[in-house]
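Open the model in your viewer and keep the sequence beside it. This tour moves from one selection to the next.

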Amino acid sequence: MFNKNSVVCCLGASTTEHGFWIYDLNAYFSQERPNDNVVFYNCGAGGNTARVVPTLLESDVMWIDPDYVIICYGGNDIGLFLYDSNLEVTNEVLEQRKKRIVEYEENMRLAAKLILKRGKIPILVAAPTYDDAQEGQPNRKGVAEALVELSYIVQKIADEIGCPMINFCKASDDAKKTFAKNGERVYADDRVHLNRVGQGLMAFTVLKDMGYEVELPKSIEEWEKMRPYETKANNRRFCIEKKLREISYIDNSWFNPLWKNAINEEDKIEKLLTFYTNPETPQWRKQYILHWFQYRNKIEELRLLLVNETNNLVGSEREALDANVLLSGLVFHSIGKD
(Lines give C-alpha, C1' and ligand atoms only; values in the text may rest on other atoms or scores of the structure.)
Protein backbone atom coordinates (compact mmCIF):
# COMPACT_ATOMS: atom_id res chain seq x y z
CA MET A 1 0.00 0.00 0.00
CA PHE A 2 1.05 3.59 -0.51
CA ASN A 3 2.36 5.37 2.56
CA LYS A 4 0.08 8.08 3.89
CA ASN A 5 0.71 11.65 2.73
CA SER A 6 2.31 10.42 -0.49
CA VAL A 7 2.65 11.97 -3.93
CA VAL A 8 2.73 9.55 -6.86
CA CYS A 9 3.91 10.52 -10.35
CA CYS A 10 2.94 8.37 -13.33
CA LEU A 11 5.37 8.08 -16.24
CA GLY A 12 4.40 6.41 -19.48
CA ALA A 13 3.34 6.83 -23.09
CA SER A 14 -0.19 7.34 -24.47
CA THR A 15 -1.87 4.93 -22.04
CA THR A 16 -0.62 7.17 -19.25
CA GLU A 17 -1.01 10.49 -21.06
CA HIS A 18 -4.72 9.79 -21.66
CA GLY A 19 -4.92 9.89 -17.88
CA PHE A 20 -8.30 8.48 -16.90
CA TRP A 21 -6.78 5.76 -14.71
CA ILE A 22 -4.97 8.55 -12.87
CA TYR A 23 -8.22 10.52 -12.64
CA ASP A 24 -9.90 7.46 -11.11
CA LEU A 25 -7.09 6.91 -8.59
CA ASN A 26 -7.40 10.49 -7.39
CA ALA A 27 -11.17 10.01 -7.17
CA TYR A 28 -10.78 6.79 -5.17
CA PHE A 29 -8.39 8.20 -2.58
CA SER A 30 -10.23 11.51 -2.17
CA GLN A 31 -13.58 9.71 -1.71
CA GLU A 32 -12.82 6.31 -0.18
CA ARG A 33 -9.60 6.99 1.77
CA PRO A 34 -9.36 10.77 2.27
CA ASN A 35 -7.27 10.42 5.43
CA ASP A 36 -4.54 8.64 3.48
CA ASN A 37 -3.81 11.89 1.61
CA VAL A 38 -2.40 10.10 -1.46
CA VAL A 39 -2.45 12.02 -4.75
CA PHE A 40 -1.42 11.17 -8.31
CA TYR A 41 0.10 13.28 -11.08
CA ASN A 42 0.13 12.44 -14.76
CA CYS A 43 3.60 12.76 -16.30
CA GLY A 44 2.97 10.73 -19.45
CA ALA A 45 3.83 11.75 -23.02
CA GLY A 46 2.43 9.69 -25.87
CA GLY A 47 4.58 8.02 -28.49
CA ASN A 48 7.56 7.49 -26.17
CA THR A 49 9.49 4.51 -24.86
CA ALA A 50 11.24 3.80 -21.57
CA ARG A 51 14.34 5.34 -23.10
CA VAL A 52 12.91 8.82 -22.47
CA VAL A 53 12.57 8.41 -18.68
CA PRO A 54 15.82 10.27 -17.82
CA THR A 55 14.58 13.29 -19.80
CA LEU A 56 11.07 13.29 -18.33
CA LEU A 57 12.35 12.84 -14.79
CA GLU A 58 14.02 16.22 -15.05
CA SER A 59 11.46 18.08 -17.17
CA ASP A 60 8.13 16.71 -15.88
CA VAL A 61 8.54 14.79 -12.61
CA MET A 62 11.01 16.21 -10.13
CA TRP A 63 9.26 19.58 -9.76
CA ILE A 64 6.54 17.66 -7.90
CA ASP A 65 9.05 15.97 -5.57
CA PRO A 66 7.12 12.66 -5.55
CA ASP A 67 7.46 9.79 -3.11
CA TYR A 68 6.67 7.18 -5.77
CA VAL A 69 7.17 7.09 -9.55
CA ILE A 70 5.07 4.66 -11.56
CA ILE A 71 6.72 3.60 -14.84
CA CYS A 72 4.51 2.14 -17.58
CA TYR A 73 6.01 1.54 -21.03
CA GLY A 74 5.84 -1.28 -23.53
CA GLY A 75 3.72 -0.84 -26.66
CA ASN A 76 6.06 1.62 -28.37
CA ASP A 77 9.17 -0.14 -27.09
CA ILE A 78 8.52 -3.32 -29.05
CA GLY A 79 8.01 -1.39 -32.29
CA LEU A 80 4.47 -2.08 -33.44
CA PHE A 81 5.50 -1.50 -37.04
CA LEU A 82 7.64 -4.65 -36.79
CA TYR A 83 4.41 -6.64 -36.42
CA ASP A 84 2.35 -5.11 -39.23
CA SER A 85 0.12 -7.67 -40.90
CA ASN A 86 1.54 -6.88 -44.35
CA LEU A 87 5.19 -7.05 -43.26
CA GLU A 88 7.31 -9.96 -44.42
CA VAL A 89 8.84 -11.53 -41.31
CA THR A 90 12.47 -11.90 -42.37
CA ASN A 91 15.45 -12.79 -40.18
CA GLU A 92 16.27 -9.07 -40.08
CA VAL A 93 12.81 -8.27 -38.72
CA LEU A 94 13.15 -10.98 -36.07
CA GLU A 95 16.52 -9.58 -35.04
CA GLN A 96 15.05 -6.08 -34.74
CA ARG A 97 12.28 -7.43 -32.53
CA LYS A 98 14.81 -9.13 -30.25
CA LYS A 99 16.96 -6.01 -30.11
CA ARG A 100 14.04 -3.88 -29.00
CA ILE A 101 13.18 -6.28 -26.17
CA VAL A 102 16.81 -6.23 -24.99
CA GLU A 103 16.81 -2.41 -25.10
CA TYR A 104 13.53 -2.32 -23.17
CA GLU A 105 15.08 -4.29 -20.31
CA GLU A 106 18.11 -2.00 -20.27
CA ASN A 107 15.97 1.14 -20.30
CA MET A 108 13.54 -0.03 -17.62
CA ARG A 109 16.36 -1.11 -15.32
CA LEU A 110 18.10 2.24 -15.81
CA ALA A 111 14.84 4.11 -15.16
CA ALA A 112 14.25 2.26 -11.90
CA LYS A 113 17.81 2.88 -10.72
CA LEU A 114 17.64 6.58 -11.56
CA ILE A 115 14.45 6.92 -9.52
CA LEU A 116 16.03 5.08 -6.58
CA LYS A 117 19.10 7.31 -6.84
CA ARG A 118 16.84 10.33 -6.36
CA GLY A 119 15.42 8.81 -3.18
CA LYS A 120 12.06 7.88 -4.72
CA ILE A 121 10.32 4.49 -4.86
CA PRO A 122 9.84 3.14 -8.38
CA ILE A 123 6.72 1.12 -9.18
CA LEU A 124 7.11 -0.88 -12.39
CA VAL A 125 4.07 -1.62 -14.53
CA ALA A 126 3.76 -4.42 -17.06
CA ALA A 127 1.97 -2.52 -19.83
CA PRO A 128 -1.46 -3.52 -21.17
CA THR A 129 -1.53 -6.40 -23.60
CA TYR A 130 -2.78 -6.19 -27.19
CA ASP A 131 -6.38 -6.89 -28.12
CA ASP A 132 -6.00 -9.73 -30.60
CA ALA A 133 -9.49 -11.05 -29.83
CA GLN A 134 -11.81 -8.55 -31.51
CA GLU A 135 -13.03 -8.90 -35.07
CA GLY A 136 -12.85 -6.54 -38.01
CA GLN A 137 -9.52 -4.76 -37.45
CA PRO A 138 -6.07 -5.59 -38.87
CA ASN A 139 -4.35 -7.86 -36.39
CA ARG A 140 -0.65 -7.58 -35.61
CA LYS A 141 0.28 -11.15 -34.82
CA GLY A 142 2.94 -11.55 -32.17
CA VAL A 143 2.32 -8.26 -30.35
CA ALA A 144 0.44 -9.83 -27.45
CA GLU A 145 3.20 -12.42 -27.01
CA ALA A 146 5.89 -9.73 -27.09
CA LEU A 147 4.10 -7.73 -24.40
CA VAL A 148 3.84 -10.83 -22.23
CA GLU A 149 7.61 -11.24 -22.60
CA LEU A 150 8.03 -7.64 -21.45
CA SER A 151 5.89 -8.37 -18.40
CA TYR A 152 8.34 -11.11 -17.36
CA ILE A 153 11.18 -8.60 -17.71
CA VAL A 154 9.33 -6.07 -15.54
CA GLN A 155 8.79 -8.71 -12.85
CA LYS A 156 12.47 -9.69 -12.98
CA ILE A 157 13.65 -6.09 -12.55
CA ALA A 158 11.16 -5.46 -9.74
CA ASP A 159 12.42 -8.57 -7.94
CA GLU A 160 16.04 -7.54 -8.44
CA ILE A 161 15.68 -4.08 -6.91
CA GLY A 162 12.89 -4.93 -4.47
CA CYS A 163 10.23 -2.52 -5.72
CA PRO A 164 6.47 -2.99 -6.30
CA MET A 165 5.22 -4.34 -9.62
CA ILE A 166 1.76 -3.91 -11.16
CA ASN A 167 0.83 -6.54 -13.73
CA PHE A 168 -1.64 -4.83 -15.99
CA CYS A 169 -0.56 -7.07 -18.84
CA LYS A 170 -2.25 -10.01 -17.13
CA ALA A 171 -5.21 -7.97 -15.85
CA SER A 172 -5.98 -6.58 -19.32
CA ASP A 173 -5.53 -9.98 -20.93
CA ASP A 174 -8.01 -11.50 -18.48
CA ALA A 175 -10.40 -8.57 -18.95
CA LYS A 176 -10.50 -8.67 -22.74
CA LYS A 177 -11.67 -12.30 -22.50
CA THR A 178 -14.08 -11.74 -19.61
CA PHE A 179 -15.71 -8.64 -21.11
CA ALA A 180 -15.96 -10.33 -24.51
CA LYS A 181 -18.40 -12.86 -23.03
CA ASN A 182 -20.90 -10.00 -22.79
CA GLY A 183 -19.95 -8.58 -26.18
CA GLU A 184 -18.04 -5.80 -24.41
CA ARG A 185 -14.53 -4.43 -24.81
CA VAL A 186 -11.88 -2.65 -22.77
CA TYR A 187 -9.90 -1.60 -25.85
CA ALA A 188 -10.37 0.97 -28.59
CA ASP A 189 -10.72 0.01 -32.24
CA ASP A 190 -6.95 0.16 -32.79
CA ARG A 191 -6.48 -2.83 -30.40
CA VAL A 192 -3.66 -0.95 -28.64
CA HIS A 193 -5.23 1.79 -26.52
CA LEU A 194 -7.62 1.27 -23.64
CA ASN A 195 -11.09 2.76 -23.82
CA ARG A 196 -12.63 4.54 -20.83
CA VAL A 197 -13.62 1.27 -19.16
CA GLY A 198 -10.15 -0.15 -19.74
CA GLN A 199 -8.59 2.90 -18.14
CA GLY A 200 -10.90 2.45 -15.16
CA LEU A 201 -9.85 -1.20 -14.94
CA MET A 202 -6.23 -0.08 -14.86
CA ALA A 203 -6.91 2.10 -11.81
CA PHE A 204 -8.47 -0.86 -9.96
CA THR A 205 -5.48 -3.02 -10.95
CA VAL A 206 -3.08 -0.49 -9.43
CA LEU A 207 -5.07 -0.60 -6.20
CA LYS A 208 -5.35 -4.38 -6.12
CA ASP A 209 -1.68 -5.04 -6.88
CA MET A 210 -0.64 -2.45 -4.28
CA GLY A 211 -2.54 -4.35 -1.59
CA TYR A 212 -5.91 -2.60 -1.37
CA GLU A 213 -9.05 -4.68 -0.89
CA VAL A 214 -10.75 -4.11 -4.23
CA GLU A 215 -12.06 -6.42 -6.91
CA LEU A 216 -11.62 -6.00 -10.64
CA PRO A 217 -14.85 -5.35 -12.59
CA LYS A 218 -15.91 -8.07 -15.01
CA SER A 219 -18.41 -6.08 -17.05
CA ILE A 220 -19.29 -2.50 -17.91
CA GLU A 221 -22.23 -2.70 -15.52
CA GLU A 222 -19.93 -3.72 -12.66
CA TRP A 223 -17.47 -0.96 -13.52
CA GLU A 224 -20.24 1.66 -13.54
CA LYS A 225 -21.30 0.57 -10.04
CA MET A 226 -17.76 0.41 -8.66
CA ARG A 227 -16.16 3.50 -10.15
CA PRO A 228 -15.73 6.62 -8.00
CA TYR A 229 -17.90 9.59 -8.93
CA GLU A 230 -16.65 12.60 -10.87
CA THR A 231 -16.12 15.91 -9.05
CA LYS A 232 -15.54 19.56 -9.89
CA ALA A 233 -12.01 19.66 -8.52
CA ASN A 234 -10.96 16.45 -10.24
CA ASN A 235 -12.43 17.67 -13.52
CA ARG A 236 -10.64 21.00 -13.27
CA ARG A 237 -7.29 19.41 -12.42
CA PHE A 238 -7.75 16.89 -15.25
CA CYS A 239 -8.21 19.70 -17.80
CA ILE A 240 -5.22 21.63 -16.45
CA GLU A 241 -3.05 18.54 -16.44
CA LYS A 242 -4.16 17.68 -19.95
CA LYS A 243 -2.72 20.95 -21.25
CA LEU A 244 0.59 20.19 -19.55
CA ARG A 245 0.63 16.73 -21.12
CA GLU A 246 -0.07 18.17 -24.57
CA ILE A 247 2.87 20.57 -24.23
CA SER A 248 5.09 17.70 -23.08
CA TYR A 249 3.93 15.56 -25.99
CA ILE A 250 5.18 18.15 -28.47
CA ASP A 251 8.42 18.93 -26.62
CA ASN A 252 9.29 15.36 -25.57
CA SER A 253 7.75 13.22 -28.30
CA TRP A 254 7.76 15.23 -31.52
CA PHE A 255 10.96 17.14 -30.81
CA ASN A 256 12.81 14.95 -28.35
CA PRO A 257 16.59 15.01 -29.00
CA LEU A 258 16.68 11.25 -28.37
CA TRP A 259 14.74 10.77 -31.61
CA LYS A 260 17.03 13.25 -33.42
CA ASN A 261 14.08 15.59 -33.83
CA ALA A 262 15.45 18.44 -31.72
CA ILE A 263 15.38 21.80 -33.49
CA ASN A 264 15.62 25.42 -32.40
CA GLU A 265 12.54 27.28 -31.24
CA GLU A 266 12.11 29.26 -34.45
CA ASP A 267 12.15 26.16 -36.64
CA LYS A 268 9.86 24.34 -34.23
CA ILE A 269 7.28 27.12 -34.47
CA GLU A 270 7.46 27.09 -38.26
CA LYS A 271 7.01 23.33 -38.40
CA LEU A 272 4.09 23.38 -35.97
CA LEU A 273 2.34 26.09 -37.96
CA THR A 274 2.77 24.00 -41.09
CA PHE A 275 1.18 21.02 -39.33
CA TYR A 276 -1.63 23.15 -37.94
CA THR A 277 -2.62 24.60 -41.32
CA ASN A 278 -2.44 21.25 -43.10
CA PRO A 279 -6.02 20.00 -43.64
CA GLU A 280 -4.81 16.40 -43.27
CA THR A 281 -3.54 16.93 -39.73
CA PRO A 282 -5.87 15.14 -37.26
CA GLN A 283 -8.02 17.40 -35.09
CA TRP A 284 -6.57 16.10 -31.83
CA ARG A 285 -3.07 16.99 -33.01
CA LYS A 286 -4.21 20.49 -34.00
CA GLN A 287 -5.54 20.91 -30.48
CA TYR A 288 -2.17 19.93 -29.04
CA ILE A 289 -0.43 22.47 -31.28
CA LEU A 290 -2.90 25.21 -30.37
CA HIS A 291 -2.43 24.59 -26.64
CA TRP A 292 1.33 24.52 -27.07
CA PHE A 293 1.23 28.01 -28.53
CA GLN A 294 -1.22 29.24 -25.88
CA TYR A 295 0.43 27.77 -22.78
CA ARG A 296 4.09 26.95 -23.46
CA ASN A 297 5.16 30.10 -21.60
CA LYS A 298 2.70 29.51 -18.77
CA ILE A 299 3.87 26.11 -17.53
CA GLU A 300 4.68 27.34 -14.02
CA GLU A 301 1.28 28.99 -13.77
CA LEU A 302 -0.46 25.79 -14.90
CA ARG A 303 1.54 23.75 -12.40
CA LEU A 304 0.49 26.04 -9.56
CA LEU A 305 -3.17 25.73 -10.60
CA LEU A 306 -2.77 21.96 -10.78
CA VAL A 307 -1.39 21.74 -7.25
CA ASN A 308 -4.20 23.95 -5.95
CA GLU A 309 -6.89 21.78 -7.54
CA THR A 310 -5.16 18.65 -6.24
CA ASN A 311 -5.43 20.10 -2.73
CA ASN A 312 -9.17 20.63 -3.30
CA LEU A 313 -9.97 17.02 -4.24
CA VAL A 314 -11.32 15.90 -0.85
CA GLY A 315 -14.90 17.02 -0.34
CA SER A 316 -15.34 18.41 -3.83
CA GLU A 317 -18.89 18.50 -5.24
CA ARG A 318 -20.08 15.97 -7.76
CA GLU A 319 -19.96 17.06 -11.39
CA ALA A 320 -19.95 14.99 -14.58
CA LEU A 321 -16.85 15.38 -16.71
CA ASP A 322 -17.72 17.20 -19.94
CA ALA A 323 -18.07 14.70 -22.78
CA ASN A 324 -16.09 17.03 -25.05
CA VAL A 325 -13.11 16.64 -22.72
CA LEU A 326 -13.46 12.89 -22.92
CA LEU A 327 -13.23 12.91 -26.69
CA SER A 328 -10.97 15.82 -27.56
CA GLY A 329 -7.37 14.90 -28.14
CA LEU A 330 -7.90 11.21 -27.43
CA VAL A 331 -7.62 8.29 -29.81
CA PHE A 332 -10.30 6.18 -28.19
CA HIS A 333 -14.04 6.73 -28.13
CA SER A 334 -15.87 3.45 -27.65
CA ILE A 335 -16.82 2.33 -24.15
CA GLY A 336 -19.68 0.02 -25.02
CA LYS A 337 -20.55 -3.08 -26.94
CA ASP A 338 -19.44 -3.80 -30.49
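A crossing of two helices is called right-handed if the near helix is turned clockwise from the far one by less than a right angle, and left-handed if it is turned anticlockwise. Keep that in mind for the first stop. Note also that this is a predicted model.

**Stop 1: α2 and α7**

Select residues 20-32, helix α2, and residues 196-209, helix α7. Their axes come within 8 Å and cross at roughly 50 degrees. Angles from 65 to 115 degrees would count as roughly perpendicular, and those under 35 as roughly parallel. The two helices are therefore oblique to each other. Look along the crossing: α2 and α7 cross in a right-handed way.

Now show the side chains. On the α2 side, pick F20, W21, Y23, D24, L25, Y28 and F29. They meet R196, Q199, G200, M202, A203, V206 and L207 of α7. By type, this contact has 10 nonpolar residues, two polar and two charged.

**Stop 2: α9 and α12**

Next, select residues 232-254 for helix α9 and 299-311 for helix α12. Their axes lie 9 Å apart, and the packing angle is about 150 degrees. Angles over 145 degrees count as roughly antiparallel, so α9 is roughly antiparallel to α12. The crossing of α9 and α12 is left-handed.

Which residues of α9 meet α12? Colour A233, R236, R237, I240, E241, K243, L244 and I247. Their partners in α12 are I299, L302, R303, L305, L306, E309 and T310. This contact divides into eight nonpolar residues, one polar and six charged.

**Stop 3: S172**

Move to helix α6, residues 168-180, and pick S172. Is S172 buried or exposed? Its relative accessibility is 0%, so S172 counts as buried. Show Y187 too: a polar contact of 3.4 Å joins its side chain to that of S172. Setting aside neighbours within four places in sequence, S172 is in contact with P128, T129 and Y187.

**Stop 4: A127**

Finish in the loop between β4 (121-126) and α5 (143-161), where A127 is found. A127 has a relative accessible area of 10% and is buried. Leave out residues up to four places away in sequence, and A127 touches C72, Y73, G74, F168 and C169.

Conventions
Residues are numbered from 1 along each chain as its sequence is written. This is a predicted model: local features need pLDDT of at least 70, side-chain atom pairs count only at pLDDT 80 or more; totals for chains, interfaces and linings use all residues. Side-chain values use heavy atoms; hydrogens and water are left out. Axes are lines fitted to C-alpha atoms, for helices over the stretch in contact, and angles run from 0 to 180 degrees between N-to-C directions. Helices (H or I, at least four residues) and strands (E, at least two) are DSSP runs, numbered from the N terminus. Contact means heavy atoms within 4.5 Å. Ala, Val, Leu, Ile, Met, Phe, Trp, Tyr, Cys and Pro count as nonpolar, Asp, Glu, Lys and Arg as charged, and the others, Gly among them, as polar. Buried means under 20% relative accessible area, exposed over 50%, partly exposed in between (1.4 Å probe, protein chains only). A polar contact is a pair of N or O atoms within 3.5 Å; within protein, one must be able to donate a hydrogen and the other to accept it, and residues adjacent in sequence count only if both atoms are side-chain atoms.
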